[in-house]
Amino acid sequence: MSAIAPPATAETAPPTADYSGYKLVAAKHPWRWVGTVIVAAGVAAIVWSLLTNPRWEWGVVAEWFTAQSVVTGLVETLKLTAISGVLGFVLGFILALMRLSASPLLVSVSWTFSWIFRSTPLLVQLLLWYNLGYLYEKISLGIPFTDVRFFEAQTTTLISQFAAAVLGLTLNQAAYSAEIIRGGILSVDQGQLEAAAALGIPAWKRNTRIVLPQAMRAILPNAFNEIIGLVKGTSIVYVLAYSELFYTVQVIYNRTQQVLPLLLVATLWYVVITSVLSIFQYYIERHFSKGAVRNLPLTPLQKARKFFTSHAAAASTKTTGKESR
């Protein structure tokens, strides 16, 4: 039978090793520095080419960047994006609820809608809506299967270039938004709904207070990707000769023959719009991540403030140490 060792006391405990004399050595990452140098050289070469190649014609870009016609086209692009985005996500939300319904008819209609509009190119959809007057001469509103009509108008009058653009972009956006929203709702653990139902919480509050706030964390990244894609997707409306940003730029460079500088004007405006949307995305996602992380990530302004504060404190400590010597 083995003897049990007596508990260690302050007198019998082994002495603690003193590591105060050891020097801390930072880990070396040579390949990280090699990769950094290579990437920095590539970036510098691209920037140098952009600044020194006269064929970019930056003066022409600056001249047309804030021209009245270009700004007007930009406003039309933003208008198409806002209207189609809002209507597309509202319709997508309804389609997502239909897909999650227990009704076989609602599920079938929602699935068929998404299947059709995700299977056909957006260009084909826009041209189809714009030429709807060839299929139906008049659009009327009334009681089905009767002669009662409350409203009736010529299709070519109702379906203008703007209406065809909004209709095509909205329905196409709704098909993708429905799947994004449905996936976000399904990502919420069903056990939470069962627990809320057991506590007697009404269904409306279960969906608005429990499901949607958590589903938004899964919906938002994909939703903003769709909105950014919608901004760039508005450029395809040029086939309808609608005066959005890209069509306006085309009209200008067909007249001036300054193709590349005008394309750069459109590119820079698209970059500005998507950059602003990316900033909104960051702050909105940060807001909805409150229940998922213990500490919210610092915003860029908070990081900059912390950086300068810590460096100022370190500099003042060094100064105080030198004066004391």
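The following legends describe close-up views of a predicted model.

**View A. The largest nonpolar core.** This core has 22 residues, of which L80, L95, F113, F117, W129, L169 and V237 touch the most other members. Two or more residues each are given to this core by α3 (68–99), α4 (104–119), α5 (122–130) and α7 (161–186). The largest share, 8 residues, comes from α7.

**View B. The surroundings of W129.** When neighbours within four places in sequence are left aside, W129 is in contact with F117, I159, A164, L167, G168 and L171. A second, separate core consists of 21 residues, including V61, F246, I252 and Y270.

**View C. A nonpolar patch on the surface.** The patch is formed by L141, I143, V148, F150, F151 and L158, which together have about 560 Å² of accessible area. One of these residues, F151, is placed in strand β2 (residues 149–154). F151 is partly exposed, its relative accessible area being 41%.

**View D. The aromatic pair of W56 and W58.** The count of aromatic pairs comes to 7. W56 and W58 form a stacked pair, with 6.1 Å centre to centre and 20° between the planes. W56 is partly exposed at 22% relative accessibility, and W58 is partly exposed at 35%.

**View E. The aromatic pair of F65 and W269.** The ring centres of F65 and W269 lie 4.4 Å apart with the planes at 0°, so this pair is stacked. Because F65 belongs to helix α2 (residues 58–65) and W269 to helix α11 (residues 259–288), the pair ties together parts that are 204 residues apart in sequence. F65 is partly exposed, with a relative accessible area of 22%, whereas W269 counts as buried at 15% relative accessibility.

Technical notes. Residues numbered from 1 in each chain as written. Predicted model: local features only at pLDDT ≥ 70, side-chain atom pairs only at ≥ 80, totals over all residues. Heavy atoms only, no water. Core = buried A, V, L, I, M, F, W, Y, C linked by side-chain atoms within 4.5 Å. Buried < 20%, exposed > 50% of the residue type's maximum accessible area, 1.4 Å probe, protein only. Helix = DSSP H or I, 4+ residues; strand = E, 2+ residues; numbered from the N terminus. Contact = heavy atoms within 4.5 Å. Patch = residues over 30% accessible without salt bridge, like charges linked within 9 Å, V, L, I, M, F, W, Y side chains within 5 Å. Areas by Shrake-Rupley, 256 points an atom, 1.4 Å probe, with all protein chains shown as cover. Salt bridge = Lys/Arg side-chain N within 4 Å of Asp/Glu carboxyl O. Phe/Tyr/Trp six-rings, centres within 6.5 Å; stacked < 30°, edge-to-face > 60°.
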